[in-house]
Amino acid sequence: MKHQLLLAILVIATVAAKAQYPVEADTVAADSTAVKPVDTNIITINLKDLTFEMVRVKGGTFTMGCCNAKDKDCYDNEFPAHEVTVDSFAIGKLEVTQQLWVAVMEKNPSKWKNDSLPVERVSWEKVQIFIDKLNRITGRTFRLPTEAEWEYAARGGEKSKNHKYAGCSQDLGSYAWYGPNADSHTHKVGQKKPNELGLYDMSGNVWEWCSDYLGAYTDNAQTNPKGPKHGEERILKGGCYSSPTRGCRITDRSNYNPKLGYSYYGFRLAMDLK
């Protein structure tokens with residue numbers, strides 16, 4: 001009888017202790033096995049022993065160019081603002097890195113060398129060779145974004161908050177490597193904050209080649225514009241590590257000879273969605 005009474009007291013004490021001091025290990029184990037939801041907006045591309053990601057961008061209509069005629073930061077070639085509609089497409093989450101470039105081209109043309117740095121010193125024409133080889137290796141149809149696609153994506157697509165820079169209207173240093181914080185060189189991709197679509201470095205780090213020839217804007221509404229059919233220079237967007245804030249604006253337009261590449265010129269990939 002005494003034995004049974006002692007056993008009953010021990011059981012009651014154990015239950016009381018558990019109630020007072022709940023075991024946390026069960027909670028930790030449950031959290032560690034929780035399945036994270038799959039981001040269906042991400043397309044993961046496998047290439048040899050590396051992967052890179054493309055972000056789905058839902059098509060839509062936006063106002064392209066400088067919308068504020070009184071904005072002293074805007075250049076003449078950003079006017080007139082005009083309505084543009086683009087179809088859905090995918091664009092690189094990051095600028096093309098040296099690691100990806102070397103995996104396709106074998107040689108690294110960049111001034112500052114590191115696998116995680118954006119590839120630079122690449123001409124528009126050299127980029128076309130890279131894309132052609134990448135397509136043959138992967139069976140995909142990568143290309144450069146059009147200027148309209150680039151600007152739409154930099155604005156945040158359908159999630160746009162109408163920022164002046166990619167991801168922000170102020171505090172550019174948290175979103176971009178540019179003149180005041182980059183110390184005159186490129187930096188590893190994806191280190192700053194992304195824009196509304198989860199795209200990194202669309203302002204700053206390296207200027208990004210677009211597919212278009214340079215051409216003047218018109219006030220006509222357009223659908224999937226691709227720029228002039230002929231020209232001498234190709235469009236670059238986004239600013240670079242030496243740019244002032246003005247050069248990192250989403251609407252800013254630069255242009256250069258497609259045969260030449262410098263340490264401030266890089267690119268990111270685009271791809272049509274079926």
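Predicted model: local features only at pLDDT ≥ 70, side-chain atom pairs only at ≥ 80, totals over all residues.

Colleague: Which ring does the charged end of Arg234 sit over?

Modeller: That would be the ring of Trp124, with the charged end of Arg234 3.7 Å from its centre.

Colleague: OK, let's zoom out. How many helices and strands are there in the chain?

Modeller: The chain has 5 helices and 12 strands. It runs to 274 residues, and 44% of them are buried.

Colleague: And the surface?

Modeller: The accessible surface comes to about 14900 Å², and carbon and sulfur atoms account for 51% of that.

Colleague: What share of the contacts between residues at least 6 apart in sequence join residues at least 24 apart?

Modeller: The share is 70%.

Colleague: Let's do helices. How do the axes of helix 3 and helix 4 cross?

Modeller: Helix 3 covers residues 98-105 and helix 4 covers residues 124-138; their axes come within 9 Å and cross at roughly 70 degrees. An angle from 65 to 115 degrees counts as roughly perpendicular, so that is what helix 3 is to helix 4.

Colleague: Which residues meet there?

Modeller: From helix 3, you have Leu100, Trp101, Val104 and Met105. On the helix 4 side, they meet Lys126, Val127, Ile129, Phe130, Lys133, Leu134 and Ile137.

Colleague: Is helix 3 mostly covered or mostly open?

Modeller: Mostly covered, with 6 of its 8 residues buried. Those are Gln98, Leu100, Trp101, Ala103, Val104 and Met105. Strand 1 (42-47), strand 2 (50-57) and helix 4 are among the parts that cover them.

Colleague: What comes just after helix 3?

Modeller: Glu106, which takes a positive phi of about 75 degrees. Helix 5 is also followed by a residue with positive phi: Gly156, near 105 degrees.

Colleague: New topic: aromatics. How many aromatic pairs does the structure hold?

Modeller: There are 13. One of them is Tyr241 with Tyr264, a tilted pair at 6.3 Å centre to centre, with 45 degrees between the planes.

Colleague: Where do those two sit in the chain?

Modeller: Tyr241 is in the loop between strand 9 (234-237) and strand 10 (254-256), while Tyr264 is in the loop between strand 10 and strand 11 (265-266), so the pair ties together parts that are 23 residues apart in sequence.

Colleague: Buried or exposed, those two tyrosines?

Modeller: Tyr241 has 5% relative accessibility, so it counts as buried. Tyr264 is at 32%, so it counts as partly exposed.

Colleague: What else does Tyr264 pair with?

Modeller: Tyr264 also forms an edge-to-face pair with Tyr265, 5.4 Å centre to centre and 75 degrees between the planes. Tyr265 counts as buried, because its relative accessibility is 6%.

Colleague: Which residues do ring pairs link into a cluster?

Modeller: Trp112, Trp209, Tyr241, Tyr256, Tyr262, Tyr264 and Tyr265.

How values were computed: Residues numbered from 1 in each chain as written. Heavy atoms only, no water. Helix = DSSP H or I, 4+ residues; strand = E, 2+ residues; numbered from the N terminus. Buried < 20%, exposed > 50% of the residue type's maximum accessible area, 1.4 Å probe, protein only. Contact = heavy atoms within 4.5 Å. Areas by Shrake-Rupley, 256 points an atom, 1.4 Å probe, with all protein chains shown as cover. Phe/Tyr/Trp six-rings, centres within 6.5 Å; stacked < 30°, edge-to-face > 60°. Lys NZ or Arg CZ within 6 Å of the ring centre and 35° of its normal. Axes fitted to C-alpha atoms, helices over the stretch in contact; angles between N-to-C directions. Parallel < 35°, antiparallel > 145°, perpendicular 65-115°, else oblique.
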